[in-house]
Amino acid sequence: MSRRLAEGFSGDTAPEGAVVHAVVALGANLGDRATTLDAAVAALRRLPLVEDVRAADPIESVAVTPEGPDAAAPAYLNSVAVLSTRLAPSVLLSYLHAIEDAHGRVRRERWGDRTLDLDLIVYDDLVSDDPALTLPHPRAAERTFVLEPWLSIDPDAALPGAGRVDELLAQLRSGS
């Protein structure tokens with residue numbers, strides 16, 4: 001294993017020789033969304049020290065802005081990929097950003113329209129409040145477009161610090 005890939009850029013490390021499970025949310029609301037998501041999953045499968053990439057069938061969702069849902073904006077196609085990796089979390093995140101960039105991602109505004117959005121939701125049970133890498137993703141428990149596809153490929157999924165994904169999704173659906 002490449003020590004540099006396992007160590008990361010900011011001192012974070014993958015557990016020595018251990019394979020960890022990570023969850024990546026995928027979304028796109030510009031261009032050929034389905035083709036872009038398929039290409040992003042293929043790119044995840046080609047990453048070094050990444051294996052067993054399983055992706056959920058995409059679902060469509062309303063765009064979310066800082067002001068709330070925006071039905072007038074182009075709709076998103078969302079999915080989730082669960083994978084095993086020996087990459088350090090910061091290295092995995094850097095690869096995610098590179099995949100976004102390869103698909104024309106432009107960061108003009110927070111939560112703006114995009115060709116591709118890849119969010120690292122969970123990296124095993126790591127909890128980090130570092131602004132460069134917050135884990136688990138701080139809004140994952142509030143997003144059905146993350147929880148629903150995740151649950152479809154991992155019925156026993158749990159979001160560290162928040163609980164079981166099936167229970168979180170049930171709470172969101174019931175409005176409680």
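First, a term. Buried means under 20% relative accessible area, exposed means over 50%, and partly exposed is in between, with a 1.4 Å probe and protein chains only. Second, the ground rules. This is a predicted model, where local features need pLDDT of at least 70, side-chain atom pairs count only at pLDDT 80 or more, and totals for chains, interfaces and linings use all residues. Residues are numbered from 1 along each chain as its sequence is written, and side-chain values use heavy atoms, with hydrogens and water left out.

One more on naming. Helices (H or I, at least four residues) and strands (E, at least two) are DSSP runs, numbered from the N terminus.

Start with β6, residues 76-85. How many of the residues of β6 are buried? 10 of the 10, so β6 is largely enclosed by the rest of the structure. In a regular strand, side chains alternate between the two faces of the sheet. Here both faces of β6 are covered. On one side, Tyr76, Asn78, Val80, Val82 and Ser84 are buried. On the other, Leu77, Ser79, Ala81, Leu83 and Thr85 are buried too.

Now the partners of β6. Two strands pair if DSSP finds at least two bridges between them. Strand β2, residues 50-55, pairs antiparallel with β6 over 4 bridges. There, Arg54 stands opposite Val82. Strand β3, residues 59-61, is also antiparallel to β6, over 3 bridges. Ile59 faces Asn78 in that pairing.

Then β1, residues 20-28. It joins β6 through 9 bridges, again antiparallel. Two places to look at: Gly27 stands opposite Asn78, and Leu26 stands opposite Ser79.

Which strand does β1 pair with over 6 bridges? That is β7, residues 117-123, in the antiparallel sense. Ala25 has Asp119 of β7 as its bridge partner. As for burial, 8 of the 9 residues of β1 are buried, so β1 is largely enclosed by the rest of the structure.

Last stop, helix α5, residues 165-174. Val165, Leu168 and Leu169 are buried there. They cover an arc of only 95 degrees around the axis, taking directions from the helix axis to the C-beta atoms, which puts them on the same side of α5. What do the buried residues of α5 pack against? Helix α4 (144-153), β10 (158-159) and β11 (163-164), with contact meaning heavy atoms within 4.5 Å. After α5 comes Gly175, with a positive phi near 80 degrees.

That's the tour.
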